[in-house]
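Here's a quick tour of a protein chain for anyone new to reading structures. Have a look at it first, then follow along below.

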Amino acid sequence: MVFQLADEWMTEVADTDYRLDDQVGYLLRLASQRHATIFQSKTINSLTPTQFSALIRISEQGTCSQNHLGRLAAMDVATIKGVVDRLRQKGLTVTAPDPNDKRRTMISLSSEGEEVVTRMKEVGREITAESLKPLTAAEQRNLVKILRKLS
């Protein structure tokens, strides 16, 4: 099967044997692993990247349902439930029944959660800076732009 590829580099890659080192998924996984290692070395309160994402989204919303939080943080139902449970166990979130719908649980930050979010925002900037450190400023902007386009 022959693919028509717009980019000269991709055409060159397509004309050679399959090389794992040239595959986007593989390279994204390596970059993601590097970023995860940096994240874990700097995180506060043993937060995982998914927990941090959920905390940031709660902070942005003030209060939201678990279902809505899952959509905002790009997590499926099972994942967000586990994340919310662990954040509550860490004392970073509080839950309460929705006054308009008793079947729904609303999630907000605890005072400790607000403090952790404030501190982690600065740490998050450091994590991003270290993750992007091998790139020039222009390459950093382009990478973020490209990743947004892909996502």
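Take the contacts in the protein chain between residues at least 6 apart in sequence: 51% of them join residues at least 24 apart. Keep in mind that this is a predicted model.

What does the chain's secondary structure come to? It's seven helices and three strands, and reading along the sequence you get α-α-α-β-α-α-β-β-α-α. The radius of gyration is 20 Å, well over the 15 Å that the globule rule gives for 151 residues, so the chain is more spread out than a compact globule. The C-alpha trace spans about 60 × 35 × 20 Å along its principal axes. As for burial, 29% of the 151 residues are buried.

Now for the inside. The largest nonpolar core has 25 residues, and those touching the most other members include Leu47, Leu69, Ile80 and Met120. At least two core residues come from each of α2 (24-42), α3 (49-61), α5 (77-89), β3 (101-109) and α6 (111-132). Zoom in on Ile80: apart from neighbours within four places in sequence, it's in contact with Ala54, Gln66, Leu69, Gly70 and Met75.

Next, the largest pocket, which has a volume of about 1600 Å³. It's lined by 36 residues, and His35, Thr128, Leu132, Val144 and Leu147 lie nearest its centre. Two or more lining residues come from each of α2, α3, α6 and α7 (137-150), with α2 giving the largest share, nine residues. Here's how the lining divides up:

| Kind of lining residue | Number |
|---|---|
| Nonpolar | 22 residues |
| Polar | eight residues |

How values were computed
Residues are numbered from 1 along each chain as its sequence is written. This is a predicted model: local features need pLDDT of at least 70, side-chain atom pairs count only at pLDDT 80 or more; totals for chains, interfaces and linings use all residues. Side-chain values use heavy atoms; hydrogens and water are left out. A nonpolar core is a set of buried Ala, Val, Leu, Ile, Met, Phe, Trp, Tyr and Cys residues joined through side-chain atoms within 4.5 Å. Buried means under 20% relative accessible area, exposed over 50%, partly exposed in between (1.4 Å probe, protein chains only). Helices (H or I, at least four residues) and strands (E, at least two) are DSSP runs, numbered from the N terminus. Contact means heavy atoms within 4.5 Å. On a 1 Å grid over the protein atoms alone, a cavity is a set of points where a 1.4 Å probe fits but cannot get out, and a pocket is an open set with protein on both sides within 12 Å along at least five of seven lines; lining residues have an atom within 4 Å of a point. Grid points are joined across faces, edges and corners, and a volume is the space filled by probe spheres set on the points. Ala, Val, Leu, Ile, Met, Phe, Trp, Tyr, Cys and Pro count as nonpolar, Asp, Glu, Lys and Arg as charged, and the others, Gly among them, as polar. The radius of gyration is taken over C-alpha atoms; the globule rule is 2.2 Å times the number of residues to the power 0.38.
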